[in-house]
Amino acid sequence: MTRWLSILVLTLVTATPALAQAPVAYTVRVEDPGSRLYLVEAEVPATGEETLLSLPAWTPGHYTIGNYATWVADFEATDGEGSRLDWDKFDADTWRIRSEGADRVRVAFSFEADRPGLSSSLLLDDFGFFNGTNLFPYPETGLDFASTLSFELPAGWGIATELSEAGEPGVYRASDYHELVDNPTFLGQFGIDSVMAGDTWIRLAVYPAEKIDAPIGRTGLETLQALAIHLHDFFGGVPYDRYTTLLYLTDGELGSFGGLEHAESHLDILPLEASEDPNLMPLFQYLLSHEYFHAWNVKRIRPAAMWPYVYDRPQYTPLLWVSEGITDYYANLVLVRAGVQPEPTLWQSLANAIGNVESVPPAAVEDTSVDTWIDPVGIPGNYYYDKGKALGLLLDAMIRDATDGEKGFDDVMLRLWRDHYLEGEGFDTDDILTYFAEHI
């Protein structure tokens, strides 16, 4: 297999206030796209005899250990004056730098980016994308540091990210590490367009660039606009300044289909043939709806066991049937409510989910949530997507029946929004059962 390497250039700059973590600055550079290499530089304050830097082991939303450090090479460290510092691996994704006597540490490494996956990174001749969990090491002193991200790219390359601009071209900022790595980024030659949903811009970026003006681009923008208008009204406000969908169309098999949610964006990967088949547009609309609903459910309404995220180990929760399965229920429901798809598509999707559940031996939906760390693909029917979707219908129907249609699972979702996300905390199983019981 051809080796596609990327070289990531990072610069981490810190001050040392007594109680607050120092800010960190990262730089990503593409020097020669044909080499598939990005070159690397990084600077952090030393923390005594040893300075520890780590890469995440997984990406929130993709519940499997990714071991991104596997694709790091050419790692080196120097002090602020350029003298070499010794280092070794503290664990699989942590570098221990011997920094005694230094006030700053510079590191350098390369990252191989030849995996076009939803939690991976890719570099081509004219385009690339990355997940921050792949590229941005964090000091082991904690995750509450502000940061900036700068780019040095070939002439004519664009950037699409939902990180906030920092006031100068090509420089972005994040308030903490969670925000930094929750923003996948497109680089290079891609198409981009936007629509308004009320007072909020909704963007779609597509590679290959010409597909932004093709049916898939037009369908994507129209669908996203309708979804945004409906969901802003449903939740009573807009939780982001702007929202961007990043769509990468690959030459791969039809099975290479999926999306990964983020708080202010999501990344979708579809085969190129799907973008040219009008019969697959409803499936594309469903994908957009599912990932967009995640901007509320799981990125903000989140199980307490994942509040906040940690990146060095699995975060087990029995509640992915809510985060993913209930999202799947609403994905089809919202498409109908927003006028994007006709009502029969909702009933067909629910029938498919119920059929999948009935076709396999029973398993506890909470167990399937935990087992995702063993098998993130799962078995249809014995997976928290299908089971959670069927439970969404059942719970919704029970509330509507008990209240003569006055209430529904919408009221549970809005209670989770108001009493948990807006209060800055996660929810647990008792919360779901309590809010459900209030309406029956």
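This is a predicted model: local features need pLDDT of at least 70, side-chain atom pairs count only at pLDDT 80 or more; totals for chains, interfaces and linings use all residues.
**Exercise 1. A second pair from strand β9**

Task: Which kind of aromatic pair do phenylalanine 130 and phenylalanine 151 form?

Solution: 
- The centre-to-centre distance is 6.3 Å, and the planes are 35° apart.
- Stacked needs under 30 degrees and edge-to-face over 60.
- Phenylalanine 130 and phenylalanine 151 form a tilted pair.
- Phenylalanine 130 lies in strand β9, and phenylalanine 151 in strand β11 (residues 147-152).
- They are 21 residues apart, and the pair links distant parts of the chain.
- Both phenylalanine 130 and phenylalanine 151 are buried.

**Exercise 2. Charges over rings**

Task: Which charged residues sit over tryptophan 95 and tryptophan 307?

Solution: 
- Over the ring of tryptophan 95 sits the charged end of lysine 89, 4.9 Å from the ring centre.
- Over the face of tryptophan 307 lies arginine 302, at 5.0 Å from the ring centre.

**Exercise 3. Salt bridges**

Task: How many salt bridges are there, and where in the chain are glutamate 43 and arginine 104?

Solution: 
- The count comes to 19 salt bridges.
- Glutamate 43 and arginine 104 form a salt bridge, with N to O at 3.0 Å.
- Glutamate 43 is in strand β2 (residues 42-45), and arginine 104 is in strand β7 (residues 104-111).
- The two are 61 residues apart, and their pair links distant parts of the chain.
- Glutamate 43 has 11% relative accessibility, so glutamate 43 counts as buried.
- Arginine 104, at 28%, is partly exposed.
- Salt bridges with shared partners join Glu43, Arg104 and Arg106 into one network.

Task: Are lysine 389 and aspartate 328 buried or exposed, and how do arginine 84 and glutamate 76 count?

Solution: 
- Lysine 389 and aspartate 328 meet in a salt bridge at 3.7 Å, N to O.
- Lysine 389 sits in helix α9 (residues 384-402), and aspartate 328 in helix α6 (residues 320-337).
- Lysine 389 and aspartate 328 are both buried.
- Arginine 84 and glutamate 76 meet in a salt bridge at 4.0 Å, N to O.
- Arginine 84 has 65% relative accessibility, so arginine 84 counts as exposed.
- Glutamate 76, at 36%, counts as partly exposed.

**Exercise 4. A nonpolar surface patch**

Task: Which residues make the nonpolar surface patch of about 280 Å²?

Solution: 
- The patch is made by Leu394, Met398 and Ile440.
- Isoleucine 440 is in the segment after α11 (429-437).
- Its relative accessible area is 52%, so isoleucine 440 is exposed.

Conventions
Residues are numbered from 1 along each chain as its sequence is written. Side-chain values use heavy atoms; hydrogens and water are left out. Patches are made of residues with over 30% relative accessible area and no salt bridge: like charges are joined within 9 Å, nonpolar side chains (Val, Leu, Ile, Met, Phe, Trp, Tyr) within 5 Å. Accessible areas come from the Shrake-Rupley method with a 1.4 Å probe; for residues, only the protein chains shown count as cover. A salt bridge is a side-chain nitrogen of Lys or Arg within 4 Å of a carboxyl oxygen of Asp or Glu. Helices (H or I, at least four residues) and strands (E, at least two) are DSSP runs, numbered from the N terminus. Buried means under 20% relative accessible area, exposed over 50%, partly exposed in between (1.4 Å probe, protein chains only). Rings of Phe, Tyr and Trp (its six-membered ring) pair if their centres lie within 6.5 Å; planes under 30 degrees apart count as stacked, over 60 as edge-to-face and the rest as tilted. A charge sits over a ring if NZ of Lys or CZ of Arg is within 6 Å of the ring centre and within 35 degrees of the ring normal.
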